[in-house]
Amino acid sequence: MNTNRLSPAVEKALSDQMNKEIHAAHTFLSYGIWADDKGYQGIANFLYRHAQEERNHSIKFMEYVLNRGGKPKVDAIPAPPSDPESLTACFDGIFNHEVDNTTSIYKIVDLALQEKDWATWNFMQWFVQEQIEEETLAQNLIDKLKIAGGDRATDESLFTLDKTLEKTPDDAPLAQNATGANP
């Protein structure tokens, strides 16, 4: 008996996203190694934690496909981008990667809506919410670097930024959670 409750198109899209999340993990791991090599251990720690979070996202997709009776397909993972030339390029790369991932998530939401696959549509809402957080976190990295002086930041500013990111939480406060008492 066939127990797969996913259309072939939805199953493929979810498998593709699972692989995209694994690629994201490799990208952030690669950026973390670059930062570590440059002496930015705090930034590296932040990126290593983020790499693990991306891997966890891939597992969420894997488990969902399996729970719906499908079989996720693991594809070859493209090599991560080459080392960034600067912290600005690193943080811009992180932001661009998250925006690209958001676009991919939205396409799956659209497909689930078109197919009236309400279970998948509902599952994907967690990722829609997560991408708001991810893009906010990436934008905050860019903003913090700009405040520190960007690529012309002093060693002292970069040291402070590095120490700050080492302890920065892995999630960002979201606008929809704001209240008058907790802006």
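This is a predicted model: local features need pLDDT of at least 70, side-chain atom pairs count only at pLDDT 80 or more; totals for chains, interfaces and linings use all residues.

Trainee: Why is tryptophan 121 called partly exposed?

Mentor: Its relative accessibility is 30%. Buried means under 20% relative accessible area, exposed means over 50%, and partly exposed lies in between (1.4 Å probe, protein chains only). So tryptophan 121 counts as partly exposed.

Trainee: Where is tryptophan 121 found?

Mentor: In helix 4, residues 118–148. Helices are DSSP runs (H or I, at least four residues), strands are runs of E of at least two, and both are numbered from the N terminus.

Trainee: How many helices and strands does the chain have?

Mentor: Five helices and zero strands. Along the sequence the pattern reads α-α-α-α-α. The C-alpha trace spans about 65 × 45 × 20 Å along its principal axes. Of the 183 residues, 44% count as buried.

Trainee: Why are helix 1 and helix 2 called roughly antiparallel?

Mentor: Look at the angle. The axes of helix 1 (residues 8–37) and helix 2 cross at roughly 165° and come within 8 Å. Angles under 35 degrees count as roughly parallel, over 145 as roughly antiparallel, 65 to 115 as roughly perpendicular, and the rest as oblique. Helix 1 and helix 2 are therefore roughly antiparallel. Their crossing is left-handed.

Trainee: What are helix 2 and helix 3 to each other, roughly parallel or roughly antiparallel?

Mentor: Helix 2 (residues 41–67) and helix 3 (residues 87–114) pack at an angle of about 15°, with axes 13 Å apart. Helix 2 and helix 3 are therefore roughly parallel. Helix 2 passes helix 3 in a left-handed crossing.

Trainee: What makes a salt bridge?

Mentor: A side-chain nitrogen of Lys or Arg within 4 Å of a carboxyl oxygen of Asp or Glu. The whole structure has four salt bridges. One of them joins aspartate 16 and lysine 12, whose closest N and O atoms are 2.8 Å apart. Both lie in helix 1, four residues apart, about one turn of the helix.

Trainee: How exposed are aspartate 16 and lysine 12?

Mentor: Aspartate 16 has 34% relative accessibility, so it counts as partly exposed. Lysine 12 has 52%, so it counts as exposed.

Trainee: Which side chain does aspartate 75 meet in a salt bridge?

Mentor: That of lysine 73, at 2.7 Å from N to O. Aspartate 75 is partly exposed, at 29%. Lysine 73 is exposed, at 52%.

Trainee: Why are lysine 163 and glutamate 166 about one helical turn apart?

Mentor: Because they are three residues apart in helix 5 (residues 155–167). Lysine 163 is partly exposed, with a relative accessible area of 36%. Glutamate 166 is partly exposed too, at 30%.

Conventions
Residues are numbered from 1 along each chain as its sequence is written. Side-chain values use heavy atoms; hydrogens and water are left out. Axes are lines fitted to C-alpha atoms, for helices over the stretch in contact, and angles run from 0 to 180 degrees between N-to-C directions. A crossing is left-handed if the near helix is turned anticlockwise from the far one by less than a right angle, and right-handed if clockwise.
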